[in-house]
Amino acid sequence: MSLTPTDIQRIAHLARLELQPDEQAQALAKINDFFAIVEQIRAVDTTGVEPLPHPVDALAGTDIALRLRPDVASEPNQREANQRSAPAVERGLFLVPKVIE
Amino acid sequence: MSQKELHQQGVAELAATLRSRAVSAVEVAQHFLQRAQADAHGAFLPGGLDPEVTLAQARAADARLAAGTGGCLEGVPLAHKDVFVTRDFATTAGSKMLQGYRSPFDATVVARLAEQGAVTLGKLNCDEFAMGSANENSAYGPVKNPWDAARIPGGSSGGSAAAVAAGLTPAATGTDTGGSIRQPAAFCGITGIKPTYGRASRYGMIAYASSLDQAGPMARSAADCATLLSVMCGPDLDRDSTSLDVPAEDFSRDLARPLATAGKDGGPLTIGVPTQWLEKEAGPAHGVSPTIYDTFWQAMDTLAGLGARFKPIGLPNADHAIPVYYIIAPAEASSNLSRFDGVKFGHRAAQHGDLLDLYKKTRAEGFGDEVKRRIMIGTYVLSHGYYDAYYLQAQKIRRLIANDFQSAFAQCDVIAGPVAPTVAWKLGEKADDPVANYLADIFTLPASLAGLPGMSLPCGFSADARPLPVGLQLIGNYLDEARLLNVAHQFQQHTDFHRRTPTGDLT
């Protein structure tokens with residue numbers, strides 16, 4: 001399987017990345033190099049195998065498991081500290097280009 | 001020489017020197033800052049040092065030492081890989097995206113080390129967002145290997161490994177997603193360990209691949225790694241939902257145990273050797289260089305002499321680790337890195353149109369080529385029509401890899417193998433060939449995918465004019481870090497590879 005220039009444009013759009021034409025060509029070549037080594041996994045028989053999304057899942061059967069914590073706010077309000085590194089802030093709000101005309 | 005120089009002392013030795021008050025924490029900090037400022041390997045990031053902050057921490061440590069209230073690392077300088085956020089130093093993750101970024105809080109790992117009195121020297125260079133095996137993907141320039149400045153230090157924790165090897169810090173933090181602690185530790189001749197997934201809190205560790213990322217120490221001996229790992233690990237249940245609810249441990253407890261009684265049953269340690277990686281009779285094969293082959297079997301001879309036994313094992317599905325990892329990690333990265341959008345923190349494109357254009361231009365300017373590639377690969381394998389064939393299939397093989405390890409650990413106590421197929425390669429040699437970099441990760445990826453603890457320790461040198469260090473990888477079962485460190489320490493009690501430095505003096 002090989003990706004096409006159209007695939008690259010579509011992925012770049014989905015990933016919110018602007019690519020110049022030379023970057024698109026380079027990305028296409030290198031990502032296709034990568035998919036050449038990926039093809040081997042399609043031949044592996046995984047019938048009946050449960051996906052392992054998370055390593056803690058491999059500990060199933062022990063008393064270790066993924067947990068949920070109580071749904072309570074545990075962090076104090078730190079709006080000012082958290083917004084200190086924002087590119088554009090006004091009156092405690094993040095500024096972005098106009099979205100609604 | 002009766003008195004060792006400060007930078008020749010390990011973590012435990014320095015802590016003892018400081019406790020004896022033979023030298024102050026401020027003097028120690030000044031000594032290391034001077035070395036860090038004079039260093040030409042690029043281990044610390046530009047702007048990664050702030051002597052005023054470091055010296056203020058050192059003065060506070062001196063006050064606690066004087067009052068007798070110091071922690072186990074009181075006054076010991078450490079440096080942090082720049083993916084750990086720090087309140088007092090800028091945090092960039094090696095990316096332009098976060099140039100000048102100041103976190104409002106310290107990562108849990110950083111805070112735990114500080115609670116025990118560690119003094120922060122500064123922030124260390126790394127591959128951008130920890131994506132790389134050579135430290136050539138940093139937006140702030142490559143790091144050079146202290147053993148041969150024409151070579152890479154490994155990655156992604158390349159700055160951490162180079163700084164420890166060059167004696168700029170007695171130890172450093174690193175992170176390991178697919179080998180990023182073990183491989184640079186091997187290439188720079190130091191010791192590093194990645195614990196079981198979930199042992200160390202990921203709170204404040206800038207996420208690359210959340211189901212793989214783990215923090216760990218990098219130092220000059222297994223004993224020092226054990227001390228640091230004991231401080232770094234422990235539950236952080238409110239702040240990291242993947243933090244294991246397993247009590248903190250003293251990982252130094254078994255260091256002195258002889259290998260003749262280090263097995264799970266109290267008998268001799270049984271070391272499993274994956275036959276598809278290394279077979280003594282087959283000679284160097286599977287891309288393993290003769291240097292790696294020779295040093296590995298010499299190390300096995302040493303361990304046999306110490307009472308260990310060997311068992312050939314199979315990890316058949318580990319052969320698929322490269323495609324599996326390079327599907328899962330980019331998939332998770334594409335999601336994690338969506339937070340960098342030019343709105344809440346970090347870089348924002350100066351020229352932009354609407355909101356979509358702001359996102360696209362900001363990310364185009366802020367991310368480097370490798371990060372963009374992995375985001376695109378991840379986006380693709382998660383997209384409609386490809387999810388089952390790639391992402392889900394990779395997760396199923398990940399399960400098979402984890403199962404292989406459990407079958408192996410039914411027959412052995414630890415698994416030994418090479419860290420990488422070769423020694424450190426030349427700067428630029430693979431810089432334009434991402435797949436060549438991926439292929440070199442073959443031996444470290446399987447343990448990462450399974451979430452198992454793994455470590456690297458120096459086990460020999462190449463015959464190059466400038467001898468290059470070779471690492472030995474040890475992989476343990478879940479939560480079995482103490483046994484790994486036991487084996488590594490026993491090896492280091494009978495070898496001096498870990499005490500050699502690039503400048504030729506034994507520490």
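I began by looking up B:Ala79, and found that B:Ala79 stands opposite B:Gly122 in strand S3 of chain B. Strands here are DSSP runs of E with at least two residues, helices are runs of H or I with at least four, and both are numbered from the N terminus.

A note on what I am reading: this is a predicted model, where local features need pLDDT of at least 70, side-chain atom pairs count only at pLDDT 80 or more, and totals for chains, interfaces and linings use all residues. Residues are numbered from 1 along each chain as its sequence is written, while chains are lettered from A and ligands numbered from 1 in the order in which they are written.

**Entry: strand S2 of chain B**

I saw that S2(B) and S3(B) (residues 119-124) run parallel and are joined by five bridges; two strands pair if DSSP finds at least two bridges between them. From S2(B) the chain crosses through helix H4 (residues 108-115) to S3(B), and this β-α-β crossover is right-handed. That term means that, with the strands pointing away from the viewer, the path from the first strand over the helix to the second runs clockwise.

Is S2(B) enclosed or open? Five of the five residues of S2(B) (residues 77-81) are buried, so the strand is largely enclosed by the rest of the structure. Buried means 20 or more other C-beta atoms within 10 Å of a residue's own, exposed means 12 or fewer, and partly exposed lies in between, with C-beta atoms placed from the backbone.

**Entry: helix H1 of chain B**

I listed the buried residues of H1(B) (residues 11-19): B:Val11, B:Ala12, B:Leu14, B:Ala15 and B:Leu18. They cover an arc of only 165 degrees around the axis, so they sit on the same side of H1(B); the arc is that of the directions from the helix axis to the C-beta atoms. An α-helix has 3.6 residues a turn, so residues three or four places apart point the same way.

**Entry: two positive phi values**

Most residues other than glycine have a negative phi, so I checked two exceptions. B:Arg21, in the loop between H1 and H2 of chain B, has a positive phi near 60 degrees. B:Ala130, in the loop between S3 and H5 of chain B, has a positive phi of about 65 degrees.

Which of them is buried and which exposed? B:Arg21 is exposed, with 12 other C-beta atoms within 10 Å, whereas B:Ala130 is buried, with 30.

**Entry: a cis bond**

I also found a cis peptide bond between B:Gly155 and B:Ser156, with omega about 10 degrees.
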